[in-house]
Amino acid sequence: MAALSEALKKRLEPFGELDQSQSRTPALTIDEFFTGNTDLGSIGCNLSPHPGLEKFEATFRSILSHDNVSDVRLPVTEFIDGLDWPFVEKVIVITSAASQDIFSHCKDLQPDEHWIAGDEELAGFDGVSLPQGHKAVVIWWD
């Protein structure tokens with residue numbers, strides 16, 4: 001298991017152990033989630049064959065580089081300190097693009113669904129904000 005960076009430990013600490021029952025979860029940046037991460041089970045764990053963490057990171061960085069994308073966040077679904085890397089089952093893309101366009105950029109990662117997050121869902125993600133004219137497109141892996 002890879003050791004969490006001090007910055008990631010500090011980011012996760014206020015939330016304690018995360019187990020899908022929390023009302024608010026940290027939505028990590030690409031750097032926070034991928035720096036030092038070697039745990040294939042941390043994202044896309046049901047994919048066979050797994051495309052690799054490098055493919056996930058490269059895809060998300062590519063999406064973030066688009067002019068109509070202001071942020072890409074990975075909300076933590078589960079985390080138990082000392083046992084594993086934070087697990088995520090979705091990525092949130094803050095964009096003015098159509099949700100189908102964002103979903104199609106992820107097709108090689110075999111996501112299951114996509115939707116536009118409403119205000120109530122967004123309120124549960126610490127670190128996510130919507131600039132004027134943008135929406136939060138959620139890409140999800142079962």
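A nonpolar core is taken here as a set of buried Ala, Val, Leu, Ile, Met, Phe, Trp, Tyr and Cys residues joined through side-chain atoms within 4.5 Å. In this predicted model, the largest such core has 32 residues, and Phe-60 and Leu-74 are those with the most contacts inside it. At least two residues of this core are supplied by each of helix 1 (6-12), helix 2 (30-34), helix 3 (53-64), strand 3 (69-75), strand 5 (90-95), helix 4 (99-105) and strand 8 (135-140). Helix 3 provides the largest share, four residues. In soluble globular proteins, nonpolar side chains tend to be buried together.

The surroundings of Leu-74 were examined with residues up to four places away in sequence not counted. Leu-74 touches Pro-26, Ala-27, Leu-28, Thr-29, Ile-30, Phe-33 and Phe-34, among others. Its contacts also include Ile-43, Phe-60, Val-88, Lys-90 and Val-91. Another core, of nine residues, lies apart from the largest one; Ile-94, Leu-122, Val-128 and Ala-136 are among its members.

Arg-11 is located in helix 1. Arg-11 counts as buried because its relative accessible area, 16%, falls under the 20% limit. With neighbours within four places in sequence left aside, Arg-11 is in contact with Pro-26, Ala-27 and Leu-28, as well as with Glu-32, Arg-73, Asp-126 and Gly-127. Pro-26, Ala-27 and Leu-28 are also touched by Leu-74.

The disulfide count comes to zero. The cysteine sulfur closest to that of Cys-45 belongs to Cys-106 and is 16 Å away, which is too far for a bond, because a disulfide requires sulfur atoms within 2.5 Å. Cys-45 is partly exposed, with a relative accessible area of 40%. Cys-106 is likewise in no disulfide, its nearest cysteine sulfur being that of Cys-45. Cys-106 is buried, at a relative accessible area of 0%.

Open space in the model was also examined. The largest pocket has a volume of about 190 Å³. Its lining consists of 13 residues, and those nearest the centre of the pocket are Gln-22, Thr-25, Val-76, Lys-90 and Phe-125. By class, the lining of this pocket comprises three nonpolar, six polar and four charged residues. Lys-90, which lies among the residues nearest the pocket centre, is also in contact with Leu-74.

Terms used
Residues numbered from 1 in each chain as written. Predicted model: local features only at pLDDT ≥ 70, side-chain atom pairs only at ≥ 80, totals over all residues. Heavy atoms only, no water. Buried < 20%, exposed > 50% of the residue type's maximum accessible area, 1.4 Å probe, protein only. Contact = heavy atoms within 4.5 Å. 1 Å grid on protein atoms, 1.4 Å probe; cavity = no way out; pocket = protein on both sides within 12 Å on 5 of 7 lines; lining within 4 Å. Points joined across faces, edges and corners; volume = space filled by probe spheres on them. Nonpolar A, V, L, I, M, F, W, Y, C, P; charged D, E, K, R; others polar.
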